[in-house]
Amino acid sequence: MSGGPLLEVRGLEKHYPVTRGLLRREVGRVRAVDSISFSVDRGETVGIVGESGCGKSTAATSLLRLEEPTGGEVVFDGEDITGYDRSELKRFRRRAQMVFQDPTSSFDPRMSIGESVGEPLQVHGMRDRDRRRRIVGDLLERVGLDASDMDRYPHEFSGGQKQRVGLARALVINPDLIVADEPVSALDVSVQADILDLIDRLQSEFGLAIVVISHDMGVVREVCDRVAVMYLGEIVETAPTEQLFED
């Protein structure tokens with residue numbers, strides 16, 4: 001375990017080729033993420049904020065290697081994960097999880113909520129079904145649902161409840177880092193406040209580092225310690241939250 005930041009992103013790039021003609025000749029590149037750098041300490045929440053299309057969601061998926069970055073380094077707990085092979089990446093994914101914007105599309109409608117939340121435990125080798133159910137039940141209660149909800153299906157839950165389930169699934173393997181991509185933008189304003197409070201509480205309970213991706217300054221102000229402002233694929237400013245809003 002290193003003494004520096006938990007996550008350090010250095011010069012991260014994600015470019016998409018633009019091709020033309022039958023031979024798909026590359027004629028240009030879309031620079032979705034263009035050499036961004038920022039860090040996140042243990043237990044800290046950092047916001048990446050910017051208008052739609054500025055590259056912030058691509059930054060999120062690239063730093064977790066859900067999409068392969070084109071260049072740069074992502075140093076997690078002292079190791080550059082961009083060189084990891086499949087088994088090292090699987091080990092990294094135990095410690096870094098993603099919460100998606102649209103909770104509905106991230107669940108398999110044929111799986112019960114309990115199966116969905118417990119799936120990462122199974123992927124990472126926990127074969128004992130009863131133990132999985134105990135862990136899932138405990139987590140559902142910690143995110144404000146009932147343990148008995150685990151036998152229900154996604155269509156039986158509201159958007160806000162699904163986002164709680166999404167947080168439970170991200171937390172089930174006890175990660176150190178959560179990347180939350182627009183975690184409340186699909187929800188009503190009253191529900192948004194509840195989910196933001198929950199994220200805040202879970203962070204102090206689990207000692208998490210969190211990266212929150214959002215286009216909404218109010219959301220960022222509510223939960224983030226520091227903010228990086230993104231514009232056209234680049235980070236143009238990073239500052240402590242209150243300082244940024246005073247300026």
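**Close-ups of a predicted model**

**View 1. Helix 1, mostly tucked away.** Helix 1 (residues 56–63) has seven of its eight residues buried, so the rest of the structure largely encloses it. Buried here means under 20% relative accessible area, with exposed over 50% and partly exposed in between (1.4 Å probe, protein chains only). Helices are DSSP runs of H or I with at least four residues, numbered from the N terminus. The buried set is Lys56, Thr58, Ala59, Ala60, Thr61, Ser62 and Leu63. Just past helix 1, Arg65 adopts a positive phi of about 60°.

This is a predicted model, where local features need pLDDT of at least 70 and side-chain atom pairs count only at pLDDT 80 or more, while totals for chains, interfaces and linings use all residues. Residues are numbered from 1 along each chain as its sequence is written, and side-chain values use heavy atoms, with hydrogens and water left out.

**View 2. Two cysteines, no bond.** You'll find zero disulfides in the structure, a disulfide being a pair of cysteine sulfur atoms within 2.5 Å. For Cys54, the closest cysteine sulfur is that of Cys224, 14 Å away and too far for a bond. Cys54 counts as buried at 3% relative accessibility, and Cys224 counts as buried at 7%.

View 3. Helix 6 (residues 189–206) gives the most, with three residues. Asp194 lies in helix 6 and is partly exposed, at 41% relative accessible area.

Note on methods. Helices (H or I, at least four residues) and strands (E, at least two) are DSSP runs, numbered from the N terminus.
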